[in-house]
Amino acid sequence: MSVLIIIFLTAVVALFAGVFEQGKFSRYISILGLLVAFYISFLPEAEFFNQYKSMFDYTVNAALFTKIAIVITILLFFLGGFSFSNHRSHQSELYALMLFALCGGIVLFGFQNLVTLFLGVEILSIPLYVLAGSNKTDLRSNEASVKYFLMGAFATGFLLFGIALVYGSSGSFDLYKIHQFSLENSKDLMFNAGAVLMLVALAFKVSMAPFHMWSPDVYQGSPSLITAFMMSVVKISAFFAFFKVMSIGFFGITGEWINIVGVLIIITLFLANVMGLAQSNAKRMLAYSSVSHVGYLGLIFFGLNNLSAYNLAFYLFAYSLATIGVMMCLIWVEKLKRETSYNAFKGLAHTEPLLAVAAAISMLSMAGIPLTAGFMGKFSIFAQAIQTTPFLVLVAVLGSAISIAYYLRLIMVMFFPKESSFKTSERVPLTYNIVAVFIIAALLVLGIFPDLFATQFGM
Amino acid sequence: MSYLLLTLLLLPLVGSAVVFAWKNSTSKYLALGFAFAQMFLSFYMLANFDATPTVDGVLQYEINYPWSQFIKSNLHFGIDGMSMVLLLLTNILTPLIILSSFNEKPGYRNTFYGLILLMQFGLIGVFTALDGLLFYIFWEVTLIPIWLIAGIWGQENKKIAFTTRFFVYTFVGSLFMMIGLIYVYTHSASFALTDLYNANLNASEQTVIFWFIFFAFAVKLPIFPFHSWQPDTYTYSPTQGTMLLSGIMLKMAVYGLLRYLLPITPDPVLGISGQIVLVLAIVGIVHGALIAIVQNDSKRLIAYSSLSHVGLMVAGIMASAILTVKGTLMTEGGEGALVQAFAHGINVVGLFYCADILYKRFKTRDIRQMGGLAKVAPKFAVLFLVILLGSVGLPLTNGFIGEFILIKSVFDYSKLAAVFAGLTMILSAVYLLRFYGKAMFGEGNESVLSSAKDLSAVEFTVLASLAVFVILLGLFPQPLIEMVNSSLKFIFTSMMN
């Protein structure tokens, strides 16, 4: 909880920097605050916060996910300076809102009670509705915001209704009391209905098909850095909440919902990958790729064991790093070319080799090519799920077989042409090159020594 | 912990990093230096290698180091006879392949040579890994550099289509292998090779795993119905890429077949699955040879001839495997396949280089428009003929002994199958001699011939070294056969239990 408080205070300070017209400093303030929060996240929780344990508990898993979310946010903020360079006057709101969303994410990592879950989901979502529309002059950005808000509000309704039914049958909001209830009354109809409604709401939040309809439009319309934030930090938070609710709260009725998740995974993998293949716009392709990764992540519910949360964290971290690697490249191209079709990337490797290599390795990591972190993530999830449902793993593998085609398309456009289409003398900012080197190193090192993740983030 | 093997493994990686950073026209000499160092290192290791150990399948130069606490997999590398043969092939061919590119205009940049060395790193990893997961990782590592080589320097108007097909096809194959290996892993103690051999799988599970893993190898080899990526990829890749693909990379699949597929899933070999593979391989032999006869594109012709030769290797391996699982220990198929793998590597690299030399002289790959080069290029005519006859399998050349053992092992299993498998020797003479005749003899175009030169120093060095190997191994195949014998005995014995 101390991490939560620090990030919240940072967000307030960053916001007030804008009030006093010092918006240009809010990025540095935010990064500083996040670094402090990152340091604090390694320390044990203060005694004082034990009294809140029934609502919010900073468990080992919560700590792990908090750390990766903070690292990803810091990396994204490094990219912010260039990405938001046309928002000179009100940068501070953007950073503050992202930090508020991160607060919501951290609430989701530690929630012990359905009330905290609801609070976390809302704190996470509301800043995002604003952020999606932060490019005020762009119609697509406005569309994204409205679409996201309407659909999100609808999903929240499902969540609340589900919570109400679960509360009505089990008589408690507490996750572990619900866990106990699910073990004892697995046939309670109202309880099961509540569980399914909550599943629908959370599947919406993680954009699992067929509840993903909002995500391609929202991801494409939002400013690219915000899209990267939604694909990485928001996905980490929402998926961990999803995982926690289903695998702890509704553990006793696993048999009732696991088949639904299985079907959703199959639909997600096929739909998202085939749609991804059909895109001609790189940003929209990445949106579909992001949806398809939820399908792979969903396999975590099959063959649950005590390493599942760790494997989930590893996969999400690898995926988020890769997302930043590609989105970074996309932000740069979008700035120069004002569009993000595949052709806009033509010959990028000749002018910005570092950026292109980072994007290529990121996409290979997303596709699960060995020696990248993405492979180790996929491998652990597949190895877990194959013990109970080999069929789903087969579907997932077919999905990645389709996905490689659209990742390759973008890599080929960047590397294969003999000449670059970037005639400008403008060079990529230094921070981008630093982040690119970091991403390349992190993806390769985690792919070669996967245990470093456990030792560095404390497991 | 063997530092020699560690050096052998890391030297190409270091070399590749250095060459990538060396943004200079001299990067090719640097790459060649690394490749030669690697070659001499493997010769040194060969000199200290016990080719006939007292215990079958014993590993030398072993490295075993724990890797991850969450995955039961070790960084386990080692060399036995089988690995040694393919390591030698890799390390002999790589410097020659690098050397063969020296005359290219405009010159290749550092990235090209860096990628070749990266490829070598992956290949050495594949041939020395003794752990299922490591094998898979290195197997995939080889794919990225060759794909980039083919894509960046491939034929301009075709490259997007053929590289995509090549990558997706092989990647899908590998993914199936990954599922197969993971499934075996969940039923065994760890990814260690011996644990995978002793995995607790029933017959129907084994059949599914067999086909999953076989799919990866069938695509890489390629075996008959999975070969549609191959002719285009071999034809439109730059010559050095084709050499790497056909000379070394497809041997990964021969190696994987022997080292992983057969010992892990021996049961289906006995059933219908083994026979289907045998039949597919033999269909591939005849199919490839017949298409090669009517090909007019020189590179495409060699690609189909490669399909035909690879089919024979697989047929030999499967015939011996079926007999072994039935109860009589037969290792001839494996021996023949490995000897032939070595010989085919040398020959096909030579043939593709000859095709490249012809292309440089005639500016076309169409063999109908060539002719008469023997008059103006006698050195080339001789060396081309030596390599070509090696590929035909003339006695006293390297191709003969491997094909002979392979046909014999197919014969032991089924005489009818041997009739069809034996066609490879006849048909390969037909299409290769037709190729030679059209390209080297006849009238030819006077205006082209008047300006055509004989071999340059670089071309001569590469072709002559290959020709030396063709004749040397044709005269003295015994050391090679002895070297692979003990590891094959170990593998085939473990299939019997």
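Modeller: Contact here means heavy atoms within 4.5 Å. This is a predicted model, where local features need pLDDT of at least 70, side-chain atom pairs count only at pLDDT 80 or more, and totals for chains, interfaces and linings use all residues. Residues are numbered from 1 along each chain as its sequence is written, chains are lettered from A in the order in which they are written, and side-chain values use heavy atoms, leaving out hydrogens and water.

Biologist: OK, how many residues does the contact take from chain B and from chain A?

Modeller: 35 from chain B and 35 from chain A.

Biologist: And how much area do they bury between them?

Modeller: About 3100 Å², with 84% of it on carbon and sulfur atoms. That's accessible area (1.4 Å probe) lost on putting the two parts together, summed over both.

Biologist: Which side chains meet in a salt bridge?

Modeller: Glu156(B) and Lys418(A), at 3.7 Å, N to O. The rule wants a side-chain nitrogen of Lys or Arg within 4 Å of a carboxyl oxygen of Asp or Glu, and it finds one such bridge across this interface.

Biologist: Switching topic: why call helix 13 of chain A largely enclosed?

Modeller: Because 27 of its 30 residues are buried, meaning under 20% relative accessible area (1.4 Å probe, protein chains only). Helices are DSSP runs (H or I, at least four residues), numbered from the N terminus.

Biologist: What comes after helix 13 of chain A?

Modeller: Arg338(A), with a positive phi near 65 degrees.

How values were computed
Buried means under 20% relative accessible area, exposed over 50%, partly exposed in between (1.4 Å probe, protein chains only). Helices (H or I, at least four residues) and strands (E, at least two) are DSSP runs, numbered from the N terminus.
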